[in-house]
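Trainee: I would like to go through this model with you. Could we work by question and answer?

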Amino acid sequence: MHKDLPRDPLWEPLFYNSMVYGGLINQVFPRMYSKEEFAQIKAKVLLILGDKEAIYNDLYSAIQSARELIPNVKVEIISAAHHITAVANPEKVNQKLLEFFAE
């Protein structure tokens, strides 16, 4: 799960407990959206992904799909980060968010 990334002693117990003791509502199982639903997004979208992302088989294929499906998507890849980028590299994620909102 960590792929040589530092462990987060505050986040990990919270995540573990929500997965073990929580119901499906607070677990991380997002529904899949259709191509038509993605195409309806009118707002600018910031997609932040970690370069150590392990959920997608091919990170760059996922990025290409996002660019094809979401009309106004901006993709940022955060180095030394996994799926939970804000935990792995909060300073860089915050910087990218501030830049995006300033546009």
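Trainee: Which residue does Lys96 meet in a salt bridge of 3.7 Å, N to O?

Mentor: This is a predicted model, where local features need pLDDT of at least 70, side-chain atom pairs count only at pLDDT 80 or more, and totals for chains, interfaces and linings use all residues. Residues are numbered from 1 along each chain as its sequence is written, and side-chain values use heavy atoms, with hydrogens and water left out. A salt bridge needs a side-chain nitrogen of Lys or Arg within 4 Å of a carboxyl oxygen of Asp or Glu. At 3.7 Å, N to O, the partner of Lys96 is Glu99.

Trainee: Where do Lys96 and Glu99 both lie?

Mentor: Helices are DSSP runs of H or I with at least four residues, strands are runs of E with at least two, and numbering starts from the N terminus. Lys96 and Glu99 are three residues apart, about one turn of the helix. Both sit in helix 5.

Trainee: Is Lys96 buried or exposed?

Mentor: Buried means under 20% relative accessible area, exposed over 50%, and partly exposed in between (1.4 Å probe, protein chains only). Glu99 has 34% and counts as partly exposed. Lys96 has 14%, so Lys96 is buried.

Trainee: Which residue in strand 2 does Lys96 pair with?

Mentor: Lys96 also forms a salt bridge of 3.4 Å, N to O, with Glu76. This pair links distant parts of the chain, 20 residues apart: Lys96 in helix 5 and, in strand 2 (residues 73-78), Glu76.

Trainee: What is the relative accessible area of Glu76?

Mentor: Lys96 is buried at 14%. Glu76 is buried too, with a value of 13%.

Trainee: How many residues apart are Lys44 and Glu103?

Mentor: Their side chains meet in a salt bridge, 3.8 Å from N to O. Lys44 is in the loop between helix 2 (35-39) and strand 1 (45-50), and Glu103 is in the segment after helix 5 (90-102).

Trainee: How many salt bridges does the rule give?

Mentor: The pairs include Lys96 with Glu99, and Lys44 with Glu103. The count comes to five.

Trainee: What pattern does the protein follow along the sequence?

Mentor: The protein has five helices and two strands. Read along the sequence, the pattern is α-α-β-α-β-α-α.
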